[in-house]
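Let's take a walk through this protein together, one spot at a time.

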Amino acid sequence: MRNGRTGTTMFASALALAVALTAGCTSSGGARNPAAAPRSQGPVAKVAISPADGTKKVAPDAGVSVKVTDGKVARLAVADSKGREVSGAVGTDGTWRPKWPLRPSTAYTVSAQVTGTDGKEVTTQAKFTTLKPKRALESGMSPLDGEKVGVGMPVQLLLSRSVTGKEERAAIERALVVEMSEPVEGAWSWVSDREVQFRPREYWPTGEKVKVVAHLAGVRAGEGVWGTKDRSLSFTVGAKHITKVNARTHEAEVSDGDKVVKTIPVSLGRPGDDSYSGTMIAQEKAADIIMDSATTGHPGEYRIPTKWNVRMTYSGTFFHAAPWSTGAQGNSNVSHGCVNASPANARWFFEFTQRGDIIQVSGTSRKLRFGNGPTPWAKSWDDWLAGSALGKPVNGG
């Protein structure tokens, strides 16, 4: 068998049988070939973004939610059409909300990067557009950007529409940021449906630098009413000027810091035209004005050009030059409610005074009405704080 032809034939037959048996083992479901086996894929993350891709008329104060199946969010970003990323954070409810409301009539892109339970990363995007307001809320601010003001100057935010709801007022207050070089306690307070003011608890420190930013774009101010523009201003606080006007002594005592720098003889309102008593501020200055009694409801009584005018109330109280009453200045009250001084003293006061300087009047029977001009110091701190929709002070660190 080993050497003959028959032996060779039998060996070949045995080899063929062995191959056949091996093949039979493979096809019958025994041990598989590792190279041919498919890999286990595991679950793949599925992502759903709200607002959904292509959504129009999204409310600017809406949040963004990302629902993930078989994975978790690794990164979420929201950017406008110019690629500028919007600052925001995910809250405890799992919804991402912007730090400040989104802008109306603006396109945004949400990019969600998700890590699946299989370790793979999935990136999904959705684009949406915020609504166009039916009615826009416009605004103005005071003091002027870059202005140097007195220690009593409030910040005024003036609105084009009435805001009456507490929730809407609170939303506006939350959108207002006050930054100070020397943090002091202050608060916003609504003085009317269209005006909210900020004042410190005490007078501003001299040298204070203040920046105010109103993030009003996207703020809901009522049914169909949305803010459309942000506003900002910066100002500095000048020297501490306080003028004390006494109707009984007929004098105005002017202080610079803690030092009295001038005492001015004055004449205040005559009986029946009494001047207001209270703490006012220098609201504006004008070198020349025509005083017309028609503006106070008494047409024809007087119409006089005056110089060196410092306004104290909306209703028309001024500290101004009155050469016709110099004989009464320092001894009697003969004016129509203003504080009269000689031309030389009035000019000195005009040039000395900054907008926002404190002017305190005492000794009259007529009390200053809150809201007759920027009059934040006509209220106690507690009463001022009560006018805030948030009901809490601000510390502008």
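This is a predicted model: local features need pLDDT of at least 70, side-chain atom pairs count only at pLDDT 80 or more; totals for chains, interfaces and linings use all residues.

Rolling a probe the size of a water molecule over the atoms shows where empty space is left. The second largest pocket holds about 430 Å³ of space. It is lined by 16 residues, and the closest to its centre are Asp61, Pro101, Ala171, Arg174 and Val219. Which element gives the largest share of this lining? That's helix 2, with 4 residues. Both strand 6 (95-98) and helix 2 supply at least two residues each to the lining of this second largest pocket. Sorted by class, the lining of the second largest pocket has 8 nonpolar residues, 7 charged ones and 1 polar one.

Now move over to the largest pocket, with about 630 Å³ of space. Its lining counts 33 residues, and Thr296, Tyr302, Gly316, His336 and Cys338 are the closest to its centre. Strand 24 (284-292), strand 25 (303-311) and strand 26 (318-321) each bring at least two residues to this lining. The largest share, 4 residues, comes from strand 24. By class, the lining of the largest pocket is made up of 16 polar, 11 nonpolar and 6 charged residues.

Most residues other than glycine have a negative phi, and most peptide bonds are trans. Trp308, in strand 25, has a positive phi near 55° without being a glycine. Is Trp308 buried or exposed? With a relative accessible area of 15%, Trp308 is buried. Lys57 in strand 2 also has a positive phi, of about 55°, and is not a glycine either. Lys57, though, is exposed, with a relative accessible area of 70%.

Ser50 and Pro51 are joined by a cis bond with omega about 5°, and Pro51 sits in the loop between strand 1 (46-50) and strand 2 (55-58). Another cis bond runs from Ser142 to Pro143, with omega near 10°. Pro143 belongs to the loop between strand 10 and strand 11.

Stay in that loop for our last stop. Glu147 lies there too, between strand 10 (139-142) and strand 11 (148-149). Why does Glu147 count as buried? Its relative accessibility is 14%, and buried means under 20%. Setting aside neighbours within four places in sequence, Glu147 is in contact with Ser234, Phe235, Thr236 and Arg355. With Arg355 there is also a polar contact of 2.8 Å, joining the side chains of Glu147 and Arg355.

Terms used: Residues are numbered from 1 along each chain as its sequence is written. Side-chain values use heavy atoms; hydrogens and water are left out. On a 1 Å grid over the protein atoms alone, a cavity is a set of points where a 1.4 Å probe fits but cannot get out, and a pocket is an open set with protein on both sides within 12 Å along at least five of seven lines; lining residues have an atom within 4 Å of a point. Grid points are joined across faces, edges and corners, and a volume is the space filled by probe spheres set on the points. Ala, Val, Leu, Ile, Met, Phe, Trp, Tyr, Cys and Pro count as nonpolar, Asp, Glu, Lys and Arg as charged, and the others, Gly among them, as polar. Buried means under 20% relative accessible area, exposed over 50%, partly exposed in between (1.4 Å probe, protein chains only). A polar contact is a pair of N or O atoms within 3.5 Å; within protein, one must be able to donate a hydrogen and the other to accept it, and residues adjacent in sequence count only if both atoms are side-chain atoms. Contact means heavy atoms within 4.5 Å.
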